[in-house]
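Here are some notes for a colleague who is opening this structure for the first time. They are meant to be read with the coordinates on screen.

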Amino acid sequence: MMRHGPGADIDEPDLEISPPKDYAAGVPAVLVSLERAYEQMGVIRTAKTLTRLNQRHGFDCPGCAWPETPGHRKPAEFCENGAKAVAEEATLRTVTPAFFAEYSVDELATKTDYWLGQQGRLTRPMILRDGTDHYEPISWDDAYRVIADHLGALPSPDEAVFYTSGRTSNEAAFLYQLLIRSYGTNNMPDCSNMCHESSGTALNDSIGIGKGSVSVPDLEAADLILIAGQNPGTNHPRMLSTLEKAKANGARIIAINPLPEAGLKRFKDPQKVSGVVGRGVDMADEFLQIRLGGDMALFQGLGKLLFEAEDAAPGTVVDRAFVDAHCAGFDDYETHIRNVDLDTVLEASGLTLAQLRETTAELIASQRTVICWAMGLTQHTHAVATIGEAVNLLLARGMIGKRGAGVCPVRGHSNVQGDRTMGIWEKMPESFLAALDTEFGIGAPRKHGFDTVDSIRAMRDGQASVFIAMGGNFVSATPDTAATEIALRNCALTVQVSTKLNRSHAVHGRTALILPTLGRTDLDVQSSGRQQVSVEDSMSMVHLSRGRLTPVSEHLRSEVAIVCQLARTLFGPDHSVPWGRFEADYDRIRDAISRVVPGFEDYNTRVRQPDGFPLPHPPRDAREFHTETGRANFSVNELEWVPTPDGRLILQTMRSHDQYNTTIYGLDDRYRGVKGSRKVILVDPGDITDLGFRDGDLVDIVSEFTGVDGRLEERRVSNFRIVAYSTPKGNAAAYYPETNPLVPLDHVAKRSNTPASKAITVRLEAASVRDS
């Protein structure tokens with residue numbers, strides 16, 4: 001047990017600022033990867049893990065969902081942050097019952113996310129009983145009985161909430177949703193609700209499927225790649241290798257982002273000589289430093305200029321053959337976009353007319369265009385409309401269903417897309433629910449359940465009192481930290497199925513359980529022998545993952561086993577679902593999936609192919625659009641953007657380079673030149689002066705929001721250092737989860753209900769109280 005880990009709260013004088021990097025990866029990435037791996041795992045365990053990471057007979061990275069290149073895997077098929085993710089999971093550090101005897105939950109609640117994560121792997125089921133202040137060991141059977149008793153005592157199944165993290169395998173996710181629906185509710189919030197829900201909503205409207213339409217070979221074959229609201233160098237570093245190949249094939253790349261990101265400036269592939277001793281590859285040909293929330297204005301402005309170019313050279317810009325054969329709503333879109341005011345576009349985007357015209361020329365010259373995006377687009381109040389406008393551009397140019405072109409929403413967690421495919425959604429369609437009923441003889445509920453934001457409201461307001469999380473760190477992942485903590489503390493029972501300690505274990509219901517589970521890297525042996533699980537990457541490829549490491553404790557159980565054993569306790573031995581067979585042999589789970597989920601026919605055979613298999617995507621495969629019109633739909637959207645009030649800033653929350661989602665690997669953001677602290681706010685130098693501050697000042701950040709009753713609400717986080725940085729005027733950036741308290745629960749994207757964490761109105765005040 002690591003009794004006093006490296007996570008003492010940071011003293012602000014430790015902060016060091018250096019110039020931001022102008023490239024990503026290179027030798028420093030290799031050195032950091034090895035340093036973190038050796039520190040956590042030791043030499044032998046490091047060799048066993050990194051050589052199998054993302055390999056055909058190894059395990060899938062527990063970090064991001066970026067796919068491997070079919071047939072062309074490298075000997076080291078991982079990035080710096082992937083190595084960090086594996087090191088965190090395969091660490092030799094352990095959290096034993098003695099740790100919980102030493103630290104009360106009140107003490108744990110004072111620790112940072114970094115400190116908690118550094119303590120190591122959980123080793124035993126633990127319970128915090130009502131009225132006590134220390135977790136204590138509990139047997140697995142007794143833990144299941146506690147859960148079953150609480151669920152059985154609820155007046156309605158809809159008073160229970162079941163959360164899912166994106167790292168859950170296809171097999172575990174399918175069984176988890178089957179348990180939940182057998183119990184009688186669709187309350188299934190998941191991490192998709194907080195990231196790409198806006199993408200799924202917009203894409204379902206426009207092309208009839210909420211997934212991206214491109215593959216890695218498509219990106220490599222593209223003429224033009226627009227990357228909007230995404231930081232590949234930190235969040236999806238292996239994407240840089242794909243972009244490097246695209247550049248070698250002649251592609252041009254346009255980066256659209258409020259912050260200049262190192263990975264979109266230059267990439268030094270450490271597996272190539274040029275990446276070690278040479279300059280590497282220059283990435284973005286153009287950088288559009290857009291204002292926060294200005295992407296919708298940009299896409300509408302580009303649409304207007306495309307029509308102007310079509311007027312000048314009829315028949316050469318708009319792909320009328322594609323539009324006439326496959327699209328609906330074009331005339332309304334054209335009428336609306338022709339009336340867009342370019343002066344408003346320039347004000348909203350912060351760009352120049354010359355930049356818009358140059359980008360329009362790039363779109364016209366390209367015969368194969370891909371638009372990529374991530375949370376920089378999805379976490380705004382007008383996110384769904386913004387993504388709709390991006391798709392409008394592609395449809396007008398005929399860029400769906402052709403090689404080297406299409407939409408590319410870049411997912412985060414390694415199986416977040418697979419979990420949705422497996423049924424982790426509060427609004428699954430009737431066809432899926434009917435197939436479940438037929439296969440298992442259950443009566444799946446049809447009433448839509450709670451998503452993440454609505455689940456917090458329900459627990460806060462006493463409408464739900466049992467919370468069960470299959471992975472993740474709900475408290476640190478969600479907006480409005482105070483509201484989330486109140487919600488969980490209102491519960492009679494909270495259950496966390498986890499590999500490591502996190503803040504959600506310290507923010508608990510009256511009774512709380514911690515159930516330790518196997519990770520991706522761990523060997524999973526059931527009664528029929530060694531098991532393997534499957535995942536779906538960001539481009540709809542399904543492949544196997546095989547853990548090889550001996551688990552750190554004999555008391556760990558797989559997510560599949562936990563679900564099956566809980567189900568038998570909850571439903572009894574005569575339930576219509578064969579839980580025992582599923583636990584014993586995961587092939588039986590995949591057989592059932594093949595009969596329920598379209599595209600998974602002959603699952604066990606196809607997933608054992610060297611690179612797995614692709615799921616069907618009608619727009620990509622056959623230019624078929626399963627929408628209400630039977631066509632791809634243009635959308636018409638009134639222009640929205642985020643002006644900056646006088647004396648205020650618009651803040652975006654973001655990751656550092658030393659974190660993945662809520663997991664904090666360290667306290668440095670190497671690419672941005674921030675070292676030793678996470679409590680910083682990046683502000684334009686001119687704004688710093690205009691607001692009456694100086695670079696390096698210590699401030700409180702206060703968010704301002706109009707509540708549902710029309711009154712001004714405020715939220716505050718204290719003692720953040722101002723760091724002068726290249727941001728658009730009136731915009732600022734800071735790390736989450738430290739700034740999650742500033743995001744109001746009701747500040748969400750229209751229609752998708754995704755927290756709008758990229759557009760928070762804040763003011764800065766001189767720090768009132770120093771951290772102790």
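**Notes on the model**

1. Leaving aside its neighbours within four places in sequence, T499 is in contact with G120, R121, L122, T517, L518 and G519. This residue, T499, sits in the loop that runs between strand 17 (493–498) and strand 18 (511–516). Its relative accessible area is 19%, and because buried means under 20%, T499 counts as buried.

2. Please keep in mind that this is a predicted model. The protein chain has an average pLDDT of 92, and 91% of the residues score at least 70. Over residues 1–12, however, the pLDDT is below 50, although this stretch has 36 contacts in the model beyond near neighbours in sequence. Where pLDDT is low, the predicted coordinates should not be read in detail.

3. As for the overall build, the secondary structure of the protein chain comes to 30 helices and 34 strands. The radius of gyration is 25 Å, close to the 28 Å that the globule rule gives for 772 residues, so the protein chain is as compact as a globular protein of that length. The C-alpha trace spans about 75 × 60 × 60 Å along its principal axes.

4. How much of the protein chain counts as buried? Of its 772 residues, 65% do. Among the contacts between residues at least 6 apart in sequence, 79% join residues that are at least 24 apart.

5. The protein chain carries 81 positive and 101 negative side chains, with the centres of the two sets lying 5 Å apart.

6. G406 belongs to strand 15 (residues 406–409), and at 0% relative accessibility G406 counts as buried. Not counting residues up to four places away in sequence, G406 touches S213, V214, T369, V370, I371, L394, M399 and I400. G406 and D218 are 188 residues apart in sequence, yet their C-alpha atoms are 8.3 Å apart in space.

7. Why can helix 8 (residues 197–207) be called largely enclosed by the rest of the structure? Nine of the eleven residues of helix 8 are buried, so the description follows from that count. The buried residues are E197, S198, S199, G200, T201, A202, L203, S206 and I207. After helix 8 comes G208, which has a positive phi, near 90°.

8. S540 has a positive phi of about 70° although it is not a glycine; S540 lies in the loop between strand 21 (533–536) and strand 22 (541–545), and with a relative accessible area of 2% S540 is buried. N661 also has a positive phi, near 55°, and is a residue other than glycine. The loop that holds N661 lies between strand 26 (659–660) and strand 27 (663–664), and N661 is buried at a relative accessible area of 15%.

9. Finally, a cis peptide bond joins Y736 and P737, with omega at about 10°. P737 is found in the loop between strand 33 (731–735) and strand 34 (760–766).

Terms used:
Residues are numbered from 1 along each chain as its sequence is written. This is a predicted model: local features need pLDDT of at least 70, side-chain atom pairs count only at pLDDT 80 or more; totals for chains, interfaces and linings use all residues. Side-chain values use heavy atoms; hydrogens and water are left out. pLDDT is the predictor's confidence in each residue, from 0 to 100. Contact means heavy atoms within 4.5 Å. Helices (H or I, at least four residues) and strands (E, at least two) are DSSP runs, numbered from the N terminus. The radius of gyration is taken over C-alpha atoms; the globule rule is 2.2 Å times the number of residues to the power 0.38. Buried means under 20% relative accessible area, exposed over 50%, partly exposed in between (1.4 Å probe, protein chains only). Lys and Arg count as positive and Asp and Glu as negative; His and the chain ends are not counted. The place of a charge is taken as NZ of Lys, CZ of Arg, CG of Asp or CD of Glu.
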